[in-house]
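Below is a short briefing on one protein structure.

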Amino acid sequence: MRNLACLLAAGLLAAACSLMPRYQAPPNPAPTQYKELNAGADCASSAAPAPAGPSTIDAACAWEPATPSDRTPRGDWWQGFQDPTLNDLEARIDAANPDLAVAADRYREAHAVAQEARSALFPTIGVTAYPNMDRQSNNRPLRSASQPDSYHDDFLAGSLNYELDLWGRVRSAVIAGSTAAQSVAADLESVRLALHAELASDYIILRVEDAQRQLLQQAVDAYGRAQQMTTTRLQGGIASGLDEAQAETQLQTARADLTDVILRRATIEHAIGALTGQLASDFSIAPTSIDLTLPEVPVGMPSTLLQRRPDVAAAERRMASYNAQIGIARAAFFPRITLAAVAGFESTQLAGLLGMPNRFWAVGPQGSLTLFDAGYRSAVVAGARAHFDEAADSYRAAVLRAFRDVEDALARRGLLQQELAQQQAARAAAERALQIAMNRYQEGAVSYLQVVSEQITALQAERAALDLRSLQLQASVDLVRALGGGWQAPWPVTAQRQQP
């Protein structure tokens, strides 16, 4: 037993070695401020410079200071639109969306694999028992005449196997499994964020289609009255057949546009049903006018972005996992030593099996080392290093993509407000021009072609304003998604260096 204790002590001392490279995430300097933070701030022709620092956009145009978001809980960020129907739909995703369930299953699988790797840190203990009745062949080679034809072999023993982690192979495997599970957990949050953002975007489009439908229905009604007016004027000899044909063309075109809007709305409604885990045939949303509030989104500091984006965290965790796999591959060049022990009782008689004369035990190390493999282990190490380099490049790409997404969303949200204000002015001018053209037509000063032209312009201006409103609201969704939504990391961005 003394030799065994010495062997265990030596193994624990030797376990201080590790062949896993020292891990450090590549540096990614962050800007002090987002470049597009004040996009569109001059839309009100304000000469005052926009304030620097974390900001949100107000309902008018300018960017104003806001509270930094690094400590702001934003799990239910869609509530900023202040729409009860949207809130209800978003709540169904976590419980019923099948894509999110698949991502959750993948995380559970990765967590189980990590636990499997962790189990190797501890000894494996087992027990074996059997009461056998054996019968020897009469023609067994080298059998002596004194040996019985049949005999009992009763056996009861416990065993212990433990790998001495001299080169850090087991610990590297544990780290690889743990960081891989963390990357899958971040992937789960990416899927969750993407689904919630997709639902919010689809809902915005649905409500804009409702507004488009209402607008086109009003246009159909107005064009119908205009067509009736031209028919009456034609019958009275005041208008020409060309005027009536143009009025009819305008009316039927608006009806066709209305049918197209109804089709698009049905498609979006089906998509929302699928996102919330419901059959399209059993799902419907009552039409209503668009009444969504433009939410204030705390932007926060650029330095916090990499800690909030789940895709960036997932890329970094995969890099840490591949770094640990290099340690696993390098440990294969060294002996793999396992401490094995077995002790128990064995007898030819079941009675008195546990007696001291029937006891036996064995303990000792077992070692194995591959001497020649034609470069196999070297290739495995090279592959592990290539995987790490690939993960590092993917991480850098994820960082660049994160900052680009935020800058794009900031630019869209700011400049779309400016464009919307300009389009609303154009819409008002088109409505005035249409009214003037209709009055002049009734007075006989212009042909109905002028009225048709102004009707087209006015309707296009109205629909363009609605499209811009949709894009502005969707830009808020894009900004939340670019900032990482309500995701909060349950682990540090960089792995802790696990060097004993």
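Contact here means heavy atoms within 4.5 Å. The model is predicted, so local features need pLDDT of at least 70 and side-chain atom pairs count only at pLDDT 80 or more, while totals for chains, interfaces and linings use all residues. Residues are numbered from 1 along each chain as its sequence is written, and side-chain values use heavy atoms, with hydrogens and water left out.

**Overall fold**

- The protein has nine helices and six strands; these are DSSP runs numbered from the N terminus, with helices being H or I of at least four residues and strands E of at least two.
- Of the 500 residues in the protein, 40% are buried, where buried means under 20% relative accessible area, exposed over 50% and partly exposed in between (1.4 Å probe, protein chains only).
- Among contacts between residues at least 6 apart in sequence, 81% join residues at least 24 apart.

**N323**

- N323 sits in helix α7 and is buried, with a relative accessible area of 3%.
- Apart from neighbours within four places in sequence, N323 contacts M20, P21, R22, Y23 and F388.

**Nonpolar cores**

- A nonpolar core is a set of buried Ala, Val, Leu, Ile, Met, Phe, Trp, Tyr and Cys residues joined through side-chain atoms within 4.5 Å.
- The largest nonpolar core has 70 residues, of which Y34, W77, F81, I272, M319 and L483 touch the most other members.
- Helices α2 (84-96), α3 (98-118), α4, α5 (241-275), α6 (305-308), α7, α8 and α9 each supply at least two residues of this core, and the largest share, 16 residues, comes from α4.
- Not counting residues up to four places away in sequence, I272 touches L89, L199, D202, Y203, L206, F283 and I285.
- Another core, of five residues, lies apart from the largest one and includes A239, A437, Y441 and V451.

**Aromatic pairs**

- Rings of Phe, Tyr and Trp (its six-membered ring) pair if their centres lie within 6.5 Å; planes under 30 degrees apart count as stacked, over 60 as edge-to-face and the rest as tilted.
- By this rule there are five aromatic pairs.
- W77 and W78 have ring centres 5.5 Å apart and planes at 75 degrees, so the pair is edge-to-face; both residues are buried.
- W167 and F334 form a tilted pair, 4.8 Å centre to centre with 35 degrees between the planes.
- This pair links distant parts of the chain, 167 residues apart: W167 is in the loop between β4 (150-164) and α4, and F334 in the loop between α7 (310-331) and β5 (336-347).
- W167 is partly exposed at 25% relative accessible area, and F334 is partly exposed at 35%.
- Y130, F155 and F360 form one aromatic cluster.

**Largest pocket**

- On a 1 Å grid over the protein atoms alone, a pocket is an open set of points where a 1.4 Å probe fits, with protein on both sides within 12 Å along at least five of seven lines; lining residues have an atom within 4 Å of a point.
- The largest pocket holds about 340 Å³ of space, the volume being the space filled by probe spheres set on the points, which are joined across faces, edges and corners.
- Its lining has 15 residues, and Q218, A219, A222, Y223 and L434 are the closest to the pocket centre.
- Helices α4 (169-235), α8 (376-442) and α9 (448-482) each supply at least two lining residues, with α4 giving the most, eight.
- By class, the lining has ten nonpolar, two polar and three charged residues; Ala, Val, Leu, Ile, Met, Phe, Trp, Tyr, Cys and Pro count as nonpolar, Asp, Glu, Lys and Arg as charged, and the others, Gly among them, as polar.
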